[in-house]
Amino acid sequence: MGDVVSAHLDESRRLHVAEKTRKVLGEFCQFYEEQYGVALFNSVRYEIEGNGGPQSQLLRRKVPLEDRTIISGNFFQYIEENKKWRNRFSIVPHNYGLVLYENKLAYDRGIQPRVALNSAGYKILTSLDQYLDLVNSSLPGTASKSSSAPILKCPTQFPLILWHPYSRHYYFCVMTGKEQDKWQAVFQDCVRHCNNGIPEDSKLEAPAFTDAVRMYRQSKEQYGTWDMLCGNEVQILCNLVMEELVPELKNMIAPKLKGKAQERQRLWIQISDAVYRLVYDQIKTHYDDMVTKCTLERPRMESTIRTDMDQIITSKEHLASKIRAFVLPKAEVCVRNHVQPYIPSILEALMTPTSQGFAEVREVFFKEVTDMNMNIINESGMENLGEYMEKLSQLAFHPVKMQSCYEKMDQLKLEGLQQRFDVSSASVFKQRAQILMRQQMDDAVHTFGTLLHQELGKMLGKEELCKSIQRILERVLKKYDYDSSTVRKKFFREALLQITIPFLLKKLAPTCKGELPKFQELIFEDFDKFILVENTYEEVVLQSVMKDIMQAVKEAAVQRKHNLYRDSMVMHNSDPNLHLLGEGAPIDWGEEFSSQPDSDPAAEKRRRARQVVSVIQDDEGALPYKAETGVLTHQLSQEEPGSEEPEACPTLADPGSPGSVQEIRGVLVKEISVETQVPAEEEAKDQLTNGSLVLQSGGSEELEVEGAAEEAEEGPAPLKHSAQHEPGATGPANPGVEEQEAEPAVPTSPAEPPALAAAPLLVEGAVEANHHKPNDKETGEEVSTQVHAEKREPGPPAPEPGEGTTETSEGVQTQF
């Protein structure tokens, strides 16, 4: 901490920060202990009673990014200590934690990194104007004049700035616009993943924590969504403390800051970061103690729950009936007057960009598989299949190729509704939908690879292989249509609850909340750890609006423009052998189908473990042969309009639709019989100064450091919606689908009630990967030993803006 910062953050103010942190943490612990008992009861009851609902048709893999990095490369970083720009070598490992090294040689030698950054809560900015707007709003009264010197001077026209409301900011520059787009996509993926820092598979700690955060904020009269509910538990608690602490510090410190506007802004950023680190260290020390205390109590509590499950359920239902009689009439009036008229408009605002995003996922997956198939037709069949499938297997984690899907959610606008329903930002819904898109893409790719690997055991020739690929693609697309429909409908229901429930609770609080304590006497003392009046009250409020939400989503499913299955379309697991197949060992396409002989498999495995395999590769660009969209879709206009089935899932009438797969199969067969050779597209190879990528070779070649320039995928043709079936099909679009007329399954079972509105959507869908890369759960100096790539002398460094630039600190900069 510098002398100037220390002067403004003296001992008395540090004590004030520590006391405030201790107070917030103490209050939060009370809520957490209460919610832990409720979450444990719900978890055990859910385990005993089982779960219903539709079963996923696609397979899901557990560790999709094992032994890989997203990207590695070079860019300029601004060093605030000496106010110089330095060239830095960076890697983004499987946990999406940005790690910066002095240079490539330092990384190869295993020297500690300069920065290990967990980007939860950050925003990615690509212009100084955007950055200045946020900086000016963070410290009122310091807006600089347009003629004054800027707060930061960039050596190029392509900056990338990581902004955080409380922690330090990071400034980077690249050399070209193409590199800026690529690294922006990578950084956005890092933020998206790190924001989703609470594991989805935690059925106890995750709901207990998020409900405790929600209850704490509601106790402070803060309802609605919270856009700083991002990161791991310690980071979220830091944001909770800083939300209350920063306004106090601004009033105490801001008037005493000296100098020009830019200097005062820079100084305030440093002070805020210093306070954030103090809060983080204190919370990190005490949070584990709180969790350990509850964990030690778990066996005794769980024993009581399993022994007295029936009595606890009866007691809770009795309490709910009493609260329902008191609250439900008032809640129904509030729903009818203030919520019900706006549900269709909220749903429409959510559905349009979300459906377009999932349709784009389908289109990108279709395009990648079709391009691969065309290359197999025009090349040598099996020889390059392993290479193509190795790239395809990481498609969901390729930020540039997935960018066109994610961008669809940027169209989400809730401006008119945000003020009415106290929605702080639409980013929580955007990021949740984008995470679901990535998961659905990975499920589709993994299912395709599993089915193809099974088919390869039949010793297929080139023609049979291409036909099999097309049949498998068609099969996977049908499964994707069903799963994506199920995922989207669940997302819509949760989003509607997250928007409307806090609004209802706030409206009902003046007349209902004061009367709740009298219901406490209805709970037996032995069960008061598992039944809470406040939680039961919120469940009653949820039930008051759930019927309208379910009906709105059901009606939307009938509209073909949203590309959803109707609720009457129930797809059971028609492919049980597939799920058994998915339980096998993961497929290593690069090793199993490598053209190099494996003289020593054990040595090869050790060699691969030392390498860093990047998802983004410089040489992947466009495949040599591509399926021409015009050739594949020219017959779509000739389809008979009467071929659509009313109960089918509406799908897209573009190259990715199930109906057009038959025509593509015909094109592929025609290509095989004619034996035409399509000339390879020549790739333009720009010489760039940054973006060094680490590539893996099939044999024992050294790793290459090349300039990374990844072109974003071209946007798709305008989407057309129609229902497509196989010729002669009379049932659903998927073979083995049973069609049953049934009402949608309303989650009324108290075993697992629907997520409350204020509970964050971002706690779901986290990607867990155990690896020895820098840990994204910690933000202190907890950077594990890096995987060493085979050594190669780095190329000449990019020219630096100033001479004699030095780093003042030799330690590791760590970020929270």
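Tutor: pLDDT is the predictor's confidence in each residue, on a scale from 0 to 100. The mean pLDDT of the protein chain is 76, and 67% of its residues reach 70 or more. Over residues 668-812, however, the pLDDT is below 50, although this stretch has 380 contacts in the model beyond near neighbours in sequence; a contact means heavy atoms within 4.5 Å. Where pLDDT is low, the predicted coordinates should not be read in detail.

This is a predicted model, in which local features need pLDDT of at least 70 and side-chain atom pairs count only at pLDDT 80 or more, while totals for chains, interfaces and linings use all residues. Residues are numbered from 1 along each chain as its sequence is written, and side-chain values use heavy atoms, leaving out hydrogens and water.

The secondary structure of the protein chain comes to 21 helices and 13 strands. These are DSSP runs, numbered from the N terminus: helices are H or I with at least four residues, and strands are E with at least two.

Most residues other than glycine have a negative phi. Tyr96, in the loop between β2 (84-93) and β3 (98-101), has a positive phi near 65 degrees. Asp422, in the loop between α13 (415-421) and α14 (427-455), has a positive phi of about 55 degrees. Tyr96 is buried, with a relative accessible area of 1%, whereas Asp422 is partly exposed at 33%. Buried means under 20% relative accessible area, exposed over 50%, and partly exposed in between, with a 1.4 Å probe and protein chains only. Of the 816 residues in the protein chain, 55% are buried.

Finally, the structure holds 0 disulfides, a disulfide being a pair of cysteine sulfur atoms within 2.5 Å. The sulfur of Cys154 has its closest cysteine sulfur in Cys173, at 4.0 Å, which is too far for a bond. Cys154 is partly exposed, at 23% relative accessibility.
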